Amino acid sequence: MQGRNLITSFCRCSSCTHIGGELCQTWIAVMGQSALFALISGLMFSVCLMMSSADISTTDPTTTAAAATPSATADAEPATTATDKPTTTATAKPAATATAKPTTTATAKPATTATAKPTTTATAKPATTATAKPANTATAKPTTTATAKPANTATAKPATTATAKPANTATAKPATTATAKPTTTASTKPTTTANATSTPAATSGPKPNPTTAIPGPKKCTEWEAELATKLAASADITPFLSANTDKLPSLSESCVKTFSSTTNKANLMKLMAELDKVYDILDPGSRHAVFLWIEQLNPKPANGSSWMTVEQLALLDRFLLQAPLSSLKTLADMESSPLCAFFNSSNELWKSLYDLNPAQANVFFTGLKKCSIDVAQAANIAKLGQLACLYPVDANTLEDSSRKKLLELLKNCKGDVKNVYQKLMKSMNVMSFDASQLGELGDAAAGLGMKQLASLSKEAVVGSLNMLSKIEGFSKSQKEALLKAAGVADIISKGNVASLGKLASALDSSALGSIPAAALVTAFADSSFAASTAAMEPLQKKSLVLSVLKTKSADEALSILPPALITEMTTKKLQEASALSTEMLGKMPWNKGQALVVMAKAFSNLKTTEDFKKLGCAAQGITCEQITGMAADSLEALSASDSLSRDQIRCASTAFFKTAKSFTTITSDEISKIPSNYLLYLKSFKDLEAVPTANCTFVVSVFAKAEHRLLGKSSKRREEVLNYIKTCMSFNSTDKLTANQVNQLGNVLCMFGPAEIDKLSNNNLKEAVDQLRGCGKFEGDMKASLRTKIIDTYGAFETWTFDTVNELQTLASLFDESEINKLSASVELKETLKSVLSQVKKPEGFVPADVNFTPDVTSLKSSFGKIVINLYFKLRRRKRALTCSGITIPTKELILELGSSSSALTADQLGCLSNDTFKETVDILGDITAFPMEKLTALKTVALVAYPAPTNNDIAGLKRIMVAFTAAEINTYFATPNIDALAAIGKYQDWCSDATVAATAKQIVENFLKSNASNTLLSKDLLALGYLLCAFSPEQIAAVSAAEYSSAASYIGKLKCSLPVLTALKNKAVEAFGAPSAWTTVQLQDIGTLTAALTSAEFSAISKEKMSYITPEAVSLIPPAVFQTLTIDQLRYLGTENLAAVSSQQKALLDTTKALALNENSGATVTPTSAPLTSASASLARASPLAAAIALALTLLALSH
């Protein structure tokens, strides 16, 4: 019996079950009592333990139940594969719950740890060891059971397919690694070999390929290679260029880098002329590479001057702007600079410099000034082209003819030129202007100040309304001034509302709500009026929509309303619509709830791949059930949508690969056509082991194009992608990479960890910079490693120039303000930082930290502000106003230049603003979220001087500054608030920040409710209140009409109020929509954060299929004590988007089983690292090789008896 027990333990040993169950059982029966065999068994068991301990020292147990992607739809269930067959060790329990029933089969590929890593694959490929003897297993076939349940799954459905057939091969080499994940392929067949060897690979993925060094395609495609050859030849290149005109826009950066330095001059000129024509659609990297190639053809002069002659400037044409700023500065600083000669000889280049930035323009203007070219003369202004868009205006030096010429050129500018207009208009006296004179200003009227606008006569404004109504650049304050001057009430009463055009966005809600539906239909037909709705606040939009819906049906409203107003149609009203054409679907900016409604109605009408490509925002409403039934070509078309959620992509990935060709036989062309984001969410990366070795580099190329932001920062899939690529490219360390490999890794560079960055060579970091700066935010160890590597590569911070910052772009944000302030302040650095900051857009709405990749540019913004301030006062030293206790007082011009970086101004400086400056800039100052309370208080003091008796309109203009008012001041200055003023100030979450501010909010609410009882509030009032609604008492909320709440629910559902307030609002949702168990997926989208106030009992009534429709904001607010009561199934179906919103506090209270269920939403294989091993065998498996020696001693002891 001792021998039998040893053999049984041996057969269960996780590293030895490759031999096969049937053979093992035969040995137990025949030789179990043999003392000699007991010795052999003991030795083999010892070997098993040593192998296991080697694996377990680095390998975490995994369960592919995690790879089963819960779909983002009401009827989705965890995906289980056909032959989920977890393997088991001697006593380890693979199932994390009581109901998981693993099956053990003779051919199942075992996990290489004592904690039983189950494989869940339709066609598990068992590995076979060198000791397997086929003679003894002639009839052994892989077991394919229909009752296997995946481990770690409480209610997983059994697998249902039993059709796996063994394939014969002699080279199966399983990869066993710390990050190896079990296989879940739909096409790889199990292999049985006569004498296969098990050779562990470095990582999970394809077999190592020592001959593969470059991933993906070659540096040059066939036509590019031919181009490179012809450039160096003497034959005319014209015929070739003519034949390949359509291919030029695709010219790759990597191929340009191979161009010869001995190019035929005539052919070079012809190529550059053609490239100039396609400049705008060339890849940015290719543009820069073209400039570097031309620079390479022209060695720098020994005297340090520029290599750019007049001839070279003509050759470069628009590619001139690819030059480093320092190179342009060298050119501009030369005596008798070629820049001046070139400017005098031609103005064609300057007309087409549409991507000119302020720093470059400043260098050019400085250079022209040095060679005595007077850019204030009308003749020279006429040559400026796009330089005019960044003209350094000194209005006092411009004659009328020069001013008119400049205004004429400004009409051709594509960017914002309001600052130029403001400087031109600053000294203009418009008080006596008639309609004709005002109309002649055209877009320049946007540069008129508030005092100037207030001085205009009613006749002048009304007479020029046709022109004024089409101007894009007016601020809200300017529009309000013009509407006041025009007598807007008269215009509306006469039915001429359409004549207001873009000025209509400044109308208050009562004025908009009073416009009859018939007049609105006419107004919406006017393009300028329709465009004005995009600039309106939600209150204004809702007022218009309610007015239309008084007399129009849902279908009529959809045909009438401009796209910007569609979001104000409630989902309930939208459900009444029937005429939803595929053309309409793609044109409207639907929100998630609306998208669910319209796709439920219109999905069956989508017939072609083009229909799916044109869905736009409607795509976010496609459910996983609908996705699962789509054809492969439709899935491929859908992959191009940027509206898909992570849950939808996971679902689409599963559907796509179910119908895709087997990875075993897939060709390189077929791999290249796989949607990159679908590959990112491939159910199991073990599937990729089946890709032929020669083709794995094409898989790498697909990953290089994938959007890395789809994976959370903590996602294990990032590690899986990186490990696959390392195996394919045969490198363990990034110091082995070539520059070309770094370039071709693309977005994969964003998945690098600290170790990869640390070992990257300095030259390769420079190659990677373009890609890395597009990765977004870096934190923790990764931030520290990248900072160190950047300093190693670019030198000490004190040696950096504006060119360095320009090259790094957002990567400069890795450094704190004190470091950035070491840089030498200059106009060039200022403009460079301004350009960098303009590229970073703060995401709208709630974004969980794990998927927030927006760079934190706080340090750059602060440094930019200080540089602007210092340079402004340095250049105007003689004009500096020293009053207000010696404080340098900011001017209107300075604040306009600073924009949101006005947060760099001190509280003392803000407190010294003049009344005029404050009024001219309040639109900017009132909306800066970075102002601390100290600075808001300083601005409040100024505001009360500028507006001693503020009107509701004045209060609305103050916006966030109102947070600094005390409750007593509210009673004094804001005793009778109207809803438009509340809408302007209520959108800031600051109202919930602390007790003092909350008391102010409470007072504002009390003042408002004095004349507007809670039970009389309309939906537009409720949405306008914003965070001021959080100051309502539960009793006040209870009095609100349920019908009006339901119409404003989608806005209220975005608020993050205190839990008591959320609970009161949740009760209102129950009153409006019924019990939580009856809430639909659409209603859950509207209810939003209020879901967080549900009790444990109420949550238990929500079906698992609806869990992914709870919004991430709501998930983040669920109290941890309530979150831990969610069921295993509810957690498993929570969704990928919601997983990112779960806090560490919420996770901390989950037990191991629930934590595993939650992590199944990640899209990568779950690693149950916290699952304890509960057997002596498991303990031995974790032990050192010493355990093997002990086992051997025990075996010998058994023999002695």
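**Note on the predicted model**

1. Residues 24 or more positions apart supply 74% of the protein's contacts that have a separation of 6 or more. Contact means heavy atoms within 4.5 Å. This is a predicted model: local features need pLDDT of at least 70, side-chain atom pairs count only at pLDDT 80 or more, and totals for chains, interfaces and linings use all residues. Residues are numbered from 1 along each chain as its sequence is written, and side-chain values use heavy atoms, with hydrogens and water left out.

2. The protein has 68 helices and 6 strands. These are DSSP runs, numbered from the N terminus: helices are H or I with at least four residues, strands are E with at least two. Of the 1201 residues, 55% count as buried. Buried means under 20% relative accessible area (1.4 Å probe, protein chains only).

3. Look at helix H58, residues 1059–1073. Its 15 residues reach 20 Å from first C-alpha to last, close to the expected 21 Å. That expected span is 1.5 Å times one less than the number of residues. Gly1074 follows H58, with a positive phi near 95 degrees.

4. Which residues of H58 are buried? They are Val1061, Leu1062, Ala1064, Leu1065, Lys1066, Lys1068, Ala1069 and Phe1073. Their cover includes helices H56 (1034–1038), H57 (1042–1052), H59 (1081–1087), H60 (1096–1100) and H61 (1112–1117).

5. Now turn to Ser547, in helix H26 (residues 538–549). Ser547 is buried, at 6% relative accessible area. Its side chain reaches the backbone oxygen of Ile515 at 2.9 Å. Setting aside neighbours within four places in sequence, Ser547 contacts Gly513, Ile515, Ala517 and Leu520.

Terms used: Buried means under 20% relative accessible area, exposed over 50%, partly exposed in between (1.4 Å probe, protein chains only). A polar contact is a pair of N or O atoms within 3.5 Å; within protein, one must be able to donate a hydrogen and the other to accept it, and residues adjacent in sequence count only if both atoms are side-chain atoms.
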